[in-house]
Amino acid sequence: MRTQSLFVLAGCLSLTTPAAATNRTVSGGIGSIVNDPFLKQKIVSVGLQYHPQARPNTRPTVVFGADALYSPDFGSNDFRPLTTKLIENISVSPDISTISYALRGNIVVYPGSYSAGSVETKVGIGTSIGAVKTTDSLEALDVDRSSEIATATMNQIHPCSGLLIVGEIWRQTTGLRLRWDTILFIETVNSTTLEMKNNGSLMLDLMVRL
Amino acid sequence: MIIALLLSLASSASTGTEVGVGYRAGDASDFDDGRVLLGHVRTPITSTITAELTGGYSVSSRPDSISGLAKTLTAITSYAVMNSADVALRCRLESWSLQAMADWSIVERTHAKGWTGGPRLVSGLVLYGAEDYLLRYYDGPESTGPVEQSTQIGAVAGASIDVWGQSQFGVRFNILNRFTFAPGVTFNTDEAQEESLRRSIITSIDMLWRL
């Protein structure tokens, strides 16, 4: 534990060391959650990344970042055909909750990068922690707002963690990033059911070096 | 493309040809939770385009590889209808597959030394053996079959992210959409089993060796 604390302290100090050349990027992206059998949620996100090492070509690079994602709620238009069939044909209501937004911090390690002419590519793997807000679908639960059990846990904020795998292509100060991003959290649906969610999203980001 | 791949392999093994093995987990949103072992042969067609032939074999015993999602859906649907004997979910399981694909990297990386890596765009065709089972729920989930065995064809499109170290070994992560025609979700045995275009998400991880 003490060793881990020293590593964290060293990481924090490296962020404030004047000698470290800084490099910041901002990003905006679109994507969707791809592994949910009941929903097809779309996502938009914005992020900020901080590179303590300005020249990443000769060693593994650690990048600190933060991102905010928002998923618009399109109601039953977000349902997959299986969900619609369950609700309309068989009157079975799956416990559906949608991600409304999330705020997360992340650390990504890039083992190296490769340049060919003016184009640079990078691959990284990382982890994230933060908070995610979910909203239960009362329509899928087949209840209205008068149901106290359903509305009590309709809107919740949960701690979350996740895994990141990223591949980037840069040309001068502009880059494209392909990102596999998981959001792991535990929630309560309808005040009665505990569910562990591990949503995997595929995102495409436009990145700009400041 | 397959012929070009084989000809290239036969003529030379020093032009950036890669071989590899991989592992593919089941799609969480599908009824097939089978684990699949993969074998790859890749050869560059141009400096940015690589052709690939991938063979897959499901190492999970069937029908045990029917996913928990399918079993749960059958259970709750059986409770919801009057005569649960009518409820049967048709589950299509994959036994083997053969994919012919091409991927495109914006950056030329064929003969690069040292650390390389980046995203690639992938597309191609897939041929696979399918076994259809009927899943019912009595005291618990029970499957019968295969009620039908067939060979299916589909298309794949997606992206991969690969990274290569100082040596000739690389690691690759794939995210592919697989488009195939499959039975629609029906729970009633009297209901017609119409096939419709179905998209599943396939993620896999590979170890690659450059010859």
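Reader: In which order do the elements of chain B run from the N terminus on?

Author: In this predicted model, the elements of chain B follow the order α-β-β-β-α-β-β-β-β-β when read from the N terminus, and chain B thus has two helices and eight strands.

Reader: How should I read the strands, and which of them pair in chain B?

Author: In a regular strand the side chains alternate between the two faces of the sheet. Here, strand E6 (residues 141–164) of chain B pairs with strand E7 (residues 169–183) of chain B in the antiparallel sense, over eleven bridges, and a hairpin of four residues joins E6(B) to E7(B). Within this pair, B:Gly154 stands opposite B:Thr180 in E7(B). E7(B) also runs antiparallel to strand E8 (residues 195–210) of chain B, to which 15 bridges join it, and there B:Val171 has B:Met207 in E8(B) as its bridge partner.

Reader: What share of the residues in chain B is buried?

Author: Of the 211 residues in chain B, 39% are buried, while 65% of the contacts in chain B with a separation of 6 or more are between residues 24 or more positions apart.

Reader: How many residues of each chain are in contact across the interface?

Author: The size of an interface is often given as the accessible area lost when the parts come together. Counted by residues instead, 25 residues of chain A are in contact with 25 residues of chain B. The elements of chain A that give two or more residues to this side include helix H2 (81–88) and strand E6 (119–136), and E6(A) provides the largest share, four residues. By class, the side of chain A that touches chain B has 16 nonpolar, six polar and three charged residues.

Notes: Residues are numbered from 1 along each chain as its sequence is written. Chains are lettered from A and ligands numbered from 1 in the order in which they are written. This is a predicted model: local features need pLDDT of at least 70, side-chain atom pairs count only at pLDDT 80 or more; totals for chains, interfaces and linings use all residues. Two residues are in contact if their C-beta atoms, placed from the backbone, lie within 7 Å. Ala, Val, Leu, Ile, Met, Phe, Trp, Tyr, Cys and Pro count as nonpolar, Asp, Glu, Lys and Arg as charged, and the others, Gly among them, as polar. A residue is buried if 20 or more other C-beta atoms lie within 10 Å of its own, exposed if 12 or fewer, and partly exposed in between; C-beta atoms are placed from the backbone. Two strands pair if DSSP finds at least two bridges between them.
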